[in-house]
Amino acid sequence: MGQKKKKQRQSMMERVKKAHLQQEDESGSYGFQMVGAFFCDFFYYLLQVLKWGGLAALILTAVVSVVLFVKYGDTYQAYAKEADQVVENSKAEDFRMDEITYIYAADGTQLAELSGGGGRSSYLKYEDIPKDAVNAFIAIEDRSFWRNIGIDVKGIIRVVKDYITSSGDSMAGASTITQQLSRTIYLTRNRSIERKIKEMMIAIRLTRKYTKQEIMEFYINTACFSNGIYGLEAAAKAFFGKSANELTVSQTAYLCAIPNWPEYYNPYKYPKNAVTRRDKILKDMYGEGYLSKSEYEAALKEKIKIQKGTSEFYNYETTYAVSCAVEYLMQLHGYEFRYEFSSEEDYQSYLEAYEAAYNLEKTNLYAKGYKIKTSLQTDTQGTIQQALDNNLAFATDTNPDSGVFELQGAVTAIDNATGKVIAAVGGRSQEDLDNVYSLNRAYQGYRQPGSSIKPLVVYTPALMSGYTPDTTVYDINVVAARQPGANVAAMRGAAMSLRYAVEQSKNGVAYSVLNKITPEYGLACLTDMKFDKIVPADYTLSASLGGLTYGVTTVQMASGYSTLVNDGKYRNPTCIVSLKDSDGKELYKEEKQKTVYGKEAAYTMLDILKGVLIRGTARDLKWAEESKMPAAGKTGTTNDSKDGWFCGVTPYYSVAVWIGYDTPRELESLYGASYPASVWKDAMLYLTKDLAPVEF
């Protein structure tokens with residue numbers, strides 16, 4: 001057959017040539033004949049390529065399909081079975097996001113109730129949903145909604161292509177409204193091919209079980225509108241002070257912009273951000289024929305005015321409990337926390353991803369009807385709050401803009417037996433101000449720790465590296481050691497024992513010792529204990545003196561010292577004891593302990609730190625005169641007395657205290673052994689007053 005076609009083509013070429021010879025004098029004839037022959041050849045070869053290429057593609061597709069089925073057939077069937085069960089057991093109540101979450105103290109006292117905004121009266125049946133809202137979501141999110149089977153095939157092809165070309169890094173986009181609903185209600189938010197497949201399977205099955213009107217109803221009532229607000233009706237009341245059916249087209253489009261990225265489009269924080277997306281939605285609605293030209297132009301010109309939001313602040317213990325619960329839900333839903341970064345850019349990128357995930361999960365917490373029991377003790381919280389307030393009562397200056405006291409503090413107390421936070425005081429109390437709780441410094445106030453960091457980053461690691469309390473060390477000149485080219489290892493100063501250097505908080509010794517064990521070794525202990533703002537710039541000898549880019553919190557420091565008491569084993573500092581969903585199912589599991597320090601090194605460090613309260617920088621505290629309970633601790637003061645710390649432990653409890661200004665500035669009388677140590681003493685005396693003295 002091939003020979004025959006070859007002869008036919010040769011014959012055709014010969015005829016063309018013959019025609020040329022016969023009509024050689026006819027102007028242009030030869031050129032036209034050659035062009036014709038060229039196209040004949042071109043289309044012949046193109047036909048062959050398409051024919052055999054198409055056949056090859058079909059064969060390749062078949063082979064790939066067989067391979068995938070053989071390799072992943074069981075997995076596919078498992079996913080399919082899971083999707084079948086999820087949708088078969090689904091009910092309309094699954095799509096209500098108006099349940100109240102309750103938070104309780106250790107004694108069962110209710111600390112707070114969190115609501116998604118609006119309660120059950122905010123749920124809209126399909127017939128009550130404004131048509132403009134339905135059209136807006138279809139125009140911007142899923143134009144094939146009314147006719148697709150729950151997934152968008154063209155979009156899936158694009159996603160697969162992106163996934164392959166990005167080597168698995170990209171797995172986003174092409175989610176239909178039904179897929180988004182599937183993800184919100186039934187799946188985690190981690191980006192993976194497995195989740196995407198499950199999402200599509202559930203979406204297809206939801207489309208079979210429910211009508212398109214029902215799916216749209218579910219979607220609009222479960223969409224997150226930031227600030228813990230779910231559903232269009234609740235959003236309309238929160239941001240515009242009216243019901244959804246009273247909204248203008250422009251206001252409706254504005255609200256429909258928010259679920260795409262709730263935190264970025266948060267009307268309370270960034271009211272202008274959603275306007276750009278509103279304009280795109282209006283343009284798409286016009287393009288799809290949902291709006292006339294005059295309606296479109298009028299909606300574009302309308303100014304958006306958001307009504308003032310109500311405060312969500314409760315008290316320091318509640319804001320801390322909310323943070324712990326949100327982070328646990330993030331972990332439960334697949335978020336990967338990081339504590340080491342390759343660059344400042346890497347850290348900032350992670351921070352953006354963290355904040356987005358945090359805010360998304362926080363809105364989920366407010367609307368899913370969780371029951372959360374904490375380890376927070378209301379009496380302990382109140383007593384430590386009073387200790388902070390009393391010791392700082394002399395400072396009455398307030399911020400002229402907020403009215404909040406300028407001199408502030410934070411205290412965290414941890415039960416060493418459990419590793420749980422029992423009190424988190426995030427600042428001074430001011431009963432006449434609601435916004436005083438908007439910043440909880442116990443876990444949000446990152447500050448330079450000064451010398452209080454030395455036991456965690458220098459001396460306990462050194463004890464694991466061969467140092468002993470009696471090892472001779474040198475108090476070198478830190479200023480000279482910081483000069484370019486300085487040979488720190490060869491420098492000498494006053495000779496002393498390591499024990500004495502810790503008790504007297506000798507900076508030159510800490511600097512010299514960290515140089516020997518290396519910043520990488522010392523700071524690894526902090527990142528192992530989830531100190532979350534350690535960046536590449538911190539891996540210098542200045543870390544020995546608390547010179548960190550972003551600093552630490554009292555929660556982190558109390559946890560670090562509690563690790564020493566717990567034989568060097570780290571436990572995640574949280575106040576969550578139980579977290580149940582709306583069906584009463586327990587979701588919380590304790591995290592496994594992690595060995596950070598050697599047991600002997602941790603015990604030795606505590607023994608050395610006991611001397612700080614007896615002979616060292618905290619001797620004026622006179623702890624032994626008021627309590628028989630063994631105690632150990634460390635003072636910390638930063639340059640110019642901008643931050644003062646005292647971190648101390650007894651066998652029962654660990655307490656970390658920070659005092660300073662929110663905007664760092666000097667306070668001449670501030671150092672670790674002054675106000676911070678006094679607050680620590682008052683707190684620890686209360687915590688241990690009825691307990692029998694025992695050794696570490």
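1. A contact here means heavy atoms within 4.5 Å. The model is predicted, so local features need pLDDT of at least 70 and side-chain atom pairs count only at pLDDT 80 or more, whereas totals for chains, interfaces and linings use all residues. Residues are numbered from 1 along each chain as its sequence is written, and side-chain values use heavy atoms, with hydrogens and water left out.

2. Overall content. The chain has 24 helices and 13 strands; these are DSSP runs numbered from the N terminus, with helices being H or I of at least four residues and strands E of at least two. Of the 696 residues in the chain, 50% are buried. Buried means under 20% relative accessible area, exposed means over 50%, and partly exposed lies in between, with a 1.4 Å probe and protein chains only.

3. Helices 5 and 7. The axes of helix 5 (residues 177-186) and helix 7 (residues 212-222) come within 10 Å and cross at roughly 55 degrees. Axes are lines fitted to C-alpha atoms, for helices over the stretch in contact, and angles run from 0 to 180 degrees between N-to-C directions. The two helices are therefore oblique to each other; angles under 35 degrees count as roughly parallel, over 145 as roughly antiparallel, 65 to 115 as roughly perpendicular and the rest as oblique. The crossing of helix 5 past helix 7 is left-handed, that is, the near helix is turned anticlockwise from the far one by less than a right angle. Helix 5 contributes Ile177, Thr178, Gln180, Leu181, Thr184 and Ile185 to the contact, and helix 7 contributes Ile215, Met216, Phe218, Tyr219 and Thr222. These contact residues divide into seven nonpolar, four polar and no charged. Ala, Val, Leu, Ile, Met, Phe, Trp, Tyr, Cys and Pro count as nonpolar, Asp, Glu, Lys and Arg as charged, and the others, Gly among them, as polar.

4. Helices 21 and 22. Helix 21 (residues 554-565) packs on helix 22 (residues 599-614) at an angle of about 110 degrees, with the axes 7 Å apart. That makes the pair roughly perpendicular. On helix 21 the contact is made by Tyr561, Leu564 and Val565, and on helix 22 by Ala602, Met605, Leu606 and Leu609. The division is seven nonpolar, no polar and no charged.

5. Helix 20. In helix 20 (residues 519-528) the buried residues are Pro519, Gly522, Leu523, Cys525, Leu526 and Thr527. Their cover includes helix 16 (454-463) and helix 19 (507-517). Lys530, which follows helix 20, has a positive phi near 65 degrees.

6. Two serines with positive phi. Ser226 has phi near 75 degrees, a positive value in a residue other than glycine. Ser226 sits in the loop between helix 7 and helix 8 (232-240) and counts as buried at 1% relative accessibility. For Ser641, also a residue other than glycine, phi is positive and near 55 degrees. Ser641 lies in the loop between strand 11 (632-637) and strand 12 (643-649), and is buried with a relative accessible area of 16%.

7. Asn399. This residue is in the loop between helix 14 (378-391) and strand 4 (407-415) and counts as partly exposed at 29% relative accessibility. Leaving aside neighbours within four places in sequence, Asn399 is in contact with Val404 and Glu406. The Asn399 side chain also reaches the backbone nitrogen of Ser402 at 3.1 Å.

Definitions and conventions:
A polar contact is a pair of N or O atoms within 3.5 Å; within protein, one must be able to donate a hydrogen and the other to accept it, and residues adjacent in sequence count only if both atoms are side-chain atoms.
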